[in-house]
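The sequence and structure are shown first.

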Amino acid sequence: MNSLLTQEVPVSWYLILSAVLFSLGVLGFLIKRNLITVFMSIELMLNAVNLSFVTFAHEWHAVKGQIFVFFVMMVAAAEAAVGLAIIIAVFRARATLAVDRIDLMKL
Amino acid sequence: MHLILFVVFAGFCLAGAINLLLQSHPINSALSLIVVMTSLAVLYLLLGAEFLAIAQVIVYAGAIMVLFTFVVMLLNAGREERTMGSRTWRAVGFPAVVVILGVLATVILRAQGLGVAGLQDGITSTEDLSRVLFTELLLPFEVTSVLILIAILGAVAMARHDGERTHGQ
């Protein structure tokens with residue numbers, strides 16, 4: 001029991017988890033047909049990359065890696081606000097969220 | 001203990017991410033994404049990033065996902081439909097993702113000299129983080145605040161109801 005409490009996890013497991021989450025994000029981006037869900041898959045990819053940043057910051061005891069994640073979060077917040085505003089504008093113009101029917105830049 | 005927590009919350013992460021893909025209604029996908037983000041916060045804490053764990057819960061699981069669920073409800077988004085495009089992309093998407101995952105996993109597993117993470121490693125305190133952020137990286141920090149300001153203005157301009165056009169309808 002004591003060995004279980006002090007057991008350590010290889011850093012590569014965190015990186016593998018990050019890679020799997022990123023791949024699932026790419027898969028969602030490709031196969032989902034709803035604009036909002038596609039956007040959520042992008043957020044999933046951003047989170048996966050953040051996890052590998054934090055892992056490497058831990059591995060090399062680098063504070064700047066964590067600060068980079070902080071910047072990514074801020075940019076992701078800005079991106080989500082603008083992206084969802086664009087989705088609302090698109091929905092107002094087309095009355096649909098299906099990406100197959102939003103295939104023209106101009107109405 | 002570290003191992004147990006890692007396995008449990010990595011499992012939550014993967015389950016949430018897979019559920020995001022399996023659900024056909026956007027609101028279910030949004031709730032799965034909240035599970036993923038909250039579990040990631042615990043993983044950040046295991047890696048000693050206390051500030052980022054809190055920021056992850058507040059910014060991602062809180063603010064951004066509230067925005068997502070709000071938009072899903074505002075637009076009354078329904079179930080997604082199966083179309084020709086979805087079948088095509090399903091056929092293209094799965095092999096592409098297997099290739100991406102294969103390349104990434106090969107690189108990670110072949111990397112030499114990666115260490116281990118344990119609970120005794122200690123945490124990076126918010127004080128250490130802010131000392132670097134507000135001295136060395138002060139300019140990027142201020143530039144990001146300008147970016148946020150521009151994003152707010154852009155979001156308002158994009159989502160604003162165009163009064164004249166809707167009056168005519």
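Val9(A) stands opposite Ala117(B), a residue of E1(B). The two strands involved, E1 of chain A (residues 9-10) and E1(B), pair in the antiparallel sense over two bridges; strands count as paired if DSSP finds at least two bridges between them. Helices (H or I, at least four residues) and strands (E, at least two) are DSSP runs, numbered from the N terminus.

The model is predicted: local features need pLDDT of at least 70, side-chain atom pairs count only at pLDDT 80 or more, and totals for chains, interfaces and linings use all residues. Residues are numbered from 1 along each chain as its sequence is written, while chains are lettered from A and ligands numbered from 1 in the order in which they are written.

The contact between the chains takes 62 residues from chain A and 74 residues from chain B, where two residues are in contact if their C-beta atoms, placed from the backbone, lie within 7 Å. On the side of chain B that touches chain A, two or more residues come from each of helix H1 (2-22), helix H2 (26-46), H3, helix H4 (84-110), strand E1 (116-117), H5 and H6. H4(B) gives the largest share, 14 residues. By type, this side of chain B holds 58 nonpolar, twelve polar and four charged residues. Here Ala, Val, Leu, Ile, Met, Phe, Trp, Tyr, Cys and Pro count as nonpolar, Asp, Glu, Lys and Arg as charged, and the others, Gly among them, as polar.

The largest nonpolar core has 66 residues, and those with the most contacts inside it are Leu21(A), Ile36(A), Leu44(A), Val54(A), Tyr44(B) and Leu52(B). Such a core is a set of buried Ala, Val, Leu, Ile, Met, Phe, Trp, Tyr and Cys residues joined through C-beta atoms within 7 Å. H2(A) gives the most to this core, with eleven residues. The core also draws at least three residues from each of domain 1 (1-79) and domain 2 (125-161) of chain B, with bounds from an automatic or database domain assignment. The centres of these two domains of chain B, taken over C-alpha atoms, are 23 Å apart. Leaving aside residues up to four places away in sequence, Ile36(A) touches Ile87(A) and Leu97(A), as well as Pro26(B), Phe68(B), Val71(B), Val72(B) and Ala77(B).

The buried residues of H4(A) include Gly65(A), Phe70(A), Met73(A), Leu84(A) and Ile87(A). A residue is buried if 20 or more other C-beta atoms lie within 10 Å of its own, exposed if 12 or fewer, and partly exposed in between, with C-beta atoms placed from the backbone. The buried residues of H4(A) pack against H3 (35-59) of chain A and against H3 (50-74), H5 (126-135) and H6 (138-159) of chain B.

Ala95(A), which follows H4(A), has a positive phi of about 60 degrees although it is not a glycine. Ala95(A) counts as exposed because it has 9 C-beta neighbours inside 10 Å. His61(A), in the loop between H3 and H4 of chain A, is likewise not a glycine and has a positive phi of about 50 degrees. With 11 C-beta neighbours inside 10 Å, His61(A) counts as exposed. Just after H2(B), Gly48(B) takes a positive phi of about 85 degrees.
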